[in-house]
Amino acid sequence: MRRFSIAVVAAVTLGTALSSVPAHAGGGSGGRGLAHCTAGTCHFDVPPGTYDVRVTLGGEAASGTSISGETRRALLPETAAPAGERVTRSFTVNVRTPEGEPTGPEGTPGLDLRIGGTAPALAGIKVTPARHARQIFLVGDSTVCDQPGDPYSGWGQQLPQYLRQGVSVANYADSGESTVTYLGNPKLWATVRPLIRPGDLVLVQLAHNDKTTDEATYRANLETLVAAVRERGGQPVLVTPIVRRWFNPDGTLNNGTALLVNGLGVDHPAVTRSVAAARDVPLIDLTAKTKALVESLGVEGSKALYLSNEARDNTHTSVRGATAYAGLVRDELVTRHLVPKGKVRVG
């Protein structure tokens, strides 16, 4: 695949719809840019940083195009374009090394954007360095992270598709981490903290792996994260953990395992709420939100949100579940005036 500098902006034009097979060039100047898009992937040889991406979608036939990038991040939901018409969309993407989980493999250098959808058609693409982007940093565990392979997906992996140009997600969630290990690993908090700029949001959801963390330590660790974010001029946001799918016979979720009460009796959501109130920190009560959704779907209906059928896993979410939970986070970001309504996509 041919690569190019960010100084040269690609203009990719297709005479027909771009599918998951190698694209075919249209006529005119568009064919020159199309050399950088092969087999449904557009590669930009850029250094780590934050970039604005502007795409033009559509072709001769009606189309439906979605875009993902890097480690399976959903960047643009499927977008329809009527036959013969063009639709333009923009988003901002974070490029980093490693490109997925901070303790995982480095991934592919540069920015890779993958074109998907039911009837994909890419008519143009432009990538430029973002000048005024606001970052949303995610500090979390495997239920939040950029999961490397199907069928797993963290809600942080699905969140970018709900954000418009000017706001990007820097997902530093990592599988298996607790508040103790996240603070202690130099690849994690020690790496994230210096990157925080004034006005950036830092969403913290850590609890699933604090199985042996006592209440005093758990509380102190959350307070440490909050204070450190504020020292950098950022805005901390505490997020209670998503529920596990463990039902009682009456169709409600179990008060222990499902609602994240550990073996020491520490009620992680309750402690998180308490710290948020005491430190005047915005709270996204994702435990309450996901509990309501899971219980409303019931024992059978809620299986699709998790990997119950695929892996007998009632903790980790499927793409469907992660997308639904990312939507809940998006709604809370707007409701709590943390992100302007005009900066999010609805639906």
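1. P98 sits in the loop that runs between β6 (87–95) and β7 (111–119). In this predicted model, the peptide bond from T97 to P98 is cis, and its omega is near -5°.

2. A cis peptide bond also joins D150 and P151, where omega is about 0°. P151 belongs to the loop between β9 (134–140) and α2 (155–158).

3. On the overall make-up: the protein has 9 helices and 15 strands. Of its 347 residues, 53% are buried.

4. Helix α5 (215–231) is worth checking for length.

5. Which residues of α5 are buried? They are Y218, N221, L222, L225, V226, A228 and V229. Viewed down the axis of α5, these buried residues fall within an arc of 165°, so they line one face of the helix. As background, an α-helix has 3.6 residues a turn, so residues three or four places apart point the same way. On the other side of α5, A216 and E231 are exposed.

6. What covers the buried residues of α5? The cover includes the helices α3 (179–184), α4 (189–192) and α6 (268–278). The strands β11 and β12 (235–239) are also part of the cover.

7. The cavity count comes to 1 cavity of 30 Å³ or more. The volume of the largest cavity is about 30 Å³. Its lining consists of V204, Q205, L206, A207, Y218, L222, V239, P241 and T272. By residue class, the lining of the largest cavity holds 7 nonpolar residues, 2 polar and no charged. Both β11 (201–205) and α5 supply at least two residues of that lining. Y218 and L222, named above among the buried residues of α5, are also in the lining of the largest cavity.

8. Helix α9 covers residues 319–335 and has 17 residues. From its first C-alpha to its last, α9 reaches 24 Å, close to the 24 Å expected at 1.5 Å a residue.

9. Is α9 largely enclosed or largely open? In α9, 12 of the 17 residues are buried, so the helix is largely enclosed by the rest of the structure. The buried residues of α9 are G321, A322, T323, Y325, A326, G327, L328, V329, R330, E332, L333 and V334. Just after α9, H337 takes a positive phi of about 60°.

10. D280 is not a glycine, yet has a positive phi of about 55°. D280 is in the loop between α6 and β13 (283–284). With a relative accessible area of 65%, D280 is exposed; the cut-off for exposed is over 50%.

11. R312 is another residue other than glycine with a positive phi, here near 50°. R312 lies in the loop between α8 (308–311) and β15 (313–317). The relative accessible area of R312 is 78%, and R312 is exposed.

Terms used:
Residues are numbered from 1 along each chain as its sequence is written. This is a predicted model: local features need pLDDT of at least 70, side-chain atom pairs count only at pLDDT 80 or more; totals for chains, interfaces and linings use all residues. Side-chain values use heavy atoms; hydrogens and water are left out. On a 1 Å grid over the protein atoms alone, a cavity is a set of points where a 1.4 Å probe fits but cannot get out, and a pocket is an open set with protein on both sides within 12 Å along at least five of seven lines; lining residues have an atom within 4 Å of a point. Grid points are joined across faces, edges and corners, and a volume is the space filled by probe spheres set on the points. Helices (H or I, at least four residues) and strands (E, at least two) are DSSP runs, numbered from the N terminus. Ala, Val, Leu, Ile, Met, Phe, Trp, Tyr, Cys and Pro count as nonpolar, Asp, Glu, Lys and Arg as charged, and the others, Gly among them, as polar. Buried means under 20% relative accessible area, exposed over 50%, partly exposed in between (1.4 Å probe, protein chains only). The arc is that of the directions from the helix axis to the C-beta atoms. Contact means heavy atoms within 4.5 Å. The expected span of a helix is 1.5 Å times one less than its number of residues.
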